[in-house]
Amino acid sequence: MIKNNQNLNEIQKYFLILICLLPLMLIFSRAFSEFIVIIISFLVIFNLKRMRAFFLSKELRIDFFVIILFFIYLLINLFFTLNIHLSIERTLPFIRWAFFVIGVSYFFAFTDIKKIELFFKVLLMIMLIQSLYVIVDFSIIQIKQYSTIFGDLSDDQSLIYRSNGFFSDNKSGSYISKFFLIPILWLVSKKTNDYKILSVFLIFSFAVFASGERASIFGFFITLGLVFLFLKNFRIKLLKVICLAALLLIILLTAVPHFKTRIVDSTLFLFGYTELIKDTNISEAYHNSGGDVLNEIDSFKDSQHGSHILTAIQIWKNNKFFGSGLKTFRYMSSKKEFENIDSKNSHLRFANHPHNYYLEILSELGVFGIIIFLLLALRVFYNLLYF
């Protein structure tokens, strides 16, 4: 911890309020969460003189340099974009993240430990409430439609496969899978009782599964795997957690038929393995994977996600070093030149993004962009593990 500076106590109070509000606003309002990021950025800009010592400190120098490098690259990329109007509206506001990082880093470096712990407690409470709501909502939904099969539905009915909790869109699983590690590592650092940690982990696990977001479930286990790889002292506890989470997932897949159809059968359908799906589940898996808009699927490349991925790869091949420009996938994917991609559902290639962060960055920012982004991601992961 850096020695506290009494002249900056007032700023610390503002940072504490804003940073505690941010995880809550991410659930209820994207606009308000953006507003908080901008306020923190302006607080930093207006207090750069006071924060000068910290601004030049070793703790921040690398993080700030990587973000500024990424921003400079985005500015350079504007000269190569294939749609300047789309790219410039996303590029220029990016600078706010550099000052936001300074503000958050300053908060954790200068603020009293009790205030920092207050943030962790607030984050843990928000995530637990969201997770428990998702679990209860999911359970009620699945109990109500337990005996319903897709063929029995009337025209005004539809099956529900997931729960969003307080979210208005399907972002609950993504939210929990991205942030669950922060309160968990804090609980571990506080030498919290193992049973409490395992209980919190299981609640988060159940909530991620109940979201029905396959990418979030996959990301959840990938995160656990990375932590297992890097935190040697946490491996025994983590092994218990991974086993319990896997057991919980197996129980849900076995006991909740529509959850199993969403996670397993529709995934098999997307990869063309229809012979592995029970005849009674084929219709539901077909509907869940896109329904009447789909042509025959022989492999993953013929699925809607497959067409997005193939389009992103082709865009990158045409613009290897600098990509097509930030936010241009929505513009490029509709172009006629990509209708001949190797997918039976190439007509489904249109989308705002290719549903894969890395391919989105690769196709829009090229090789140079993905390298800088990975440097930034590694710094975030390093700070999270070794703060």
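Across the chain, the mean pLDDT is 83, and 90% of the residues reach a score of at least 70. Keep in mind that this is a predicted model.

Let us look next at the salt bridges, of which the chain has 6. One of them joins the side chains of Arg96 and Glu34, with 3.0 Å from N to O. Arg96 sits in helix α6 (residues 96-110) and Glu34 in helix α2 (residues 30-46), so this contact ties together parts of the chain that are 62 residues apart in sequence. Are the two partners buried or partly exposed? Arg96 is buried, because its relative accessible area of 16% is under the 20% cut-off. Glu34, with a relative accessible area of 26%, is partly exposed.

Another salt bridge brings the side chains of Glu117 and Lys190 together, at 2.7 Å from N to O. Here too distant parts of the chain are linked: Glu117 belongs to helix α7, Lys190 to the loop between α9 (181-189) and α10 (194-210), and 73 residues separate them. Glu117 counts as buried because its relative accessibility is 17%, whereas Lys190 is partly exposed at 42%.

The side chains of Lys301 and Asp342 also meet in a salt bridge, with an N to O distance of 2.6 Å. This pair links two loops 41 residues apart: Lys301 is in the one between α14 (279-288) and α15, and Asp342 is in the one between α16 and α17. Lys301 has a relative accessible area of 35%, so this residue is partly exposed.

Helix α7 contributes the most to the nonpolar patch, with 3 residues. Ile129 lies in that helix, α7, and is partly exposed, with a relative accessible area of 45%.

The surface also carries a patch of positive charge, where Arg30, Arg90, Lys171, Lys178 and Arg330 gather. Among them, Arg90 is part of helix α5 (residues 84-91). Its relative accessibility is 37%, so Arg90 counts as partly exposed.

Most residues other than glycine have a negative phi. What is the phi of Lys327? Its value is near 70 degrees, which is positive although the residue is not a glycine. Lys327 is located in the loop between α15 (304-318) and α16 (329-332), and counts as buried because its relative accessibility is 13%. His355, also not a glycine, has a positive phi of about 60 degrees. You will find His355 in the loop between α16 and α17 (357-386). With a relative accessible area of 45%, His355 is partly exposed.

Definitions and conventions: Residues numbered from 1 in each chain as written. Predicted model: local features only at pLDDT ≥ 70, side-chain atom pairs only at ≥ 80, totals over all residues. Heavy atoms only, no water. Patch = residues over 30% accessible without salt bridge, like charges linked within 9 Å, V, L, I, M, F, W, Y side chains within 5 Å. Areas by Shrake-Rupley, 256 points an atom, 1.4 Å probe, with all protein chains shown as cover. Salt bridge = Lys/Arg side-chain N within 4 Å of Asp/Glu carboxyl O. Lys, Arg positive; Asp, Glu negative; His and termini not counted. Charge placed at Lys NZ, Arg CZ, Asp CG, Glu CD. Helix = DSSP H or I, 4+ residues; strand = E, 2+ residues; numbered from the N terminus. Buried < 20%, exposed > 50% of the residue type's maximum accessible area, 1.4 Å probe, protein only. pLDDT = per-residue confidence, 0-100.
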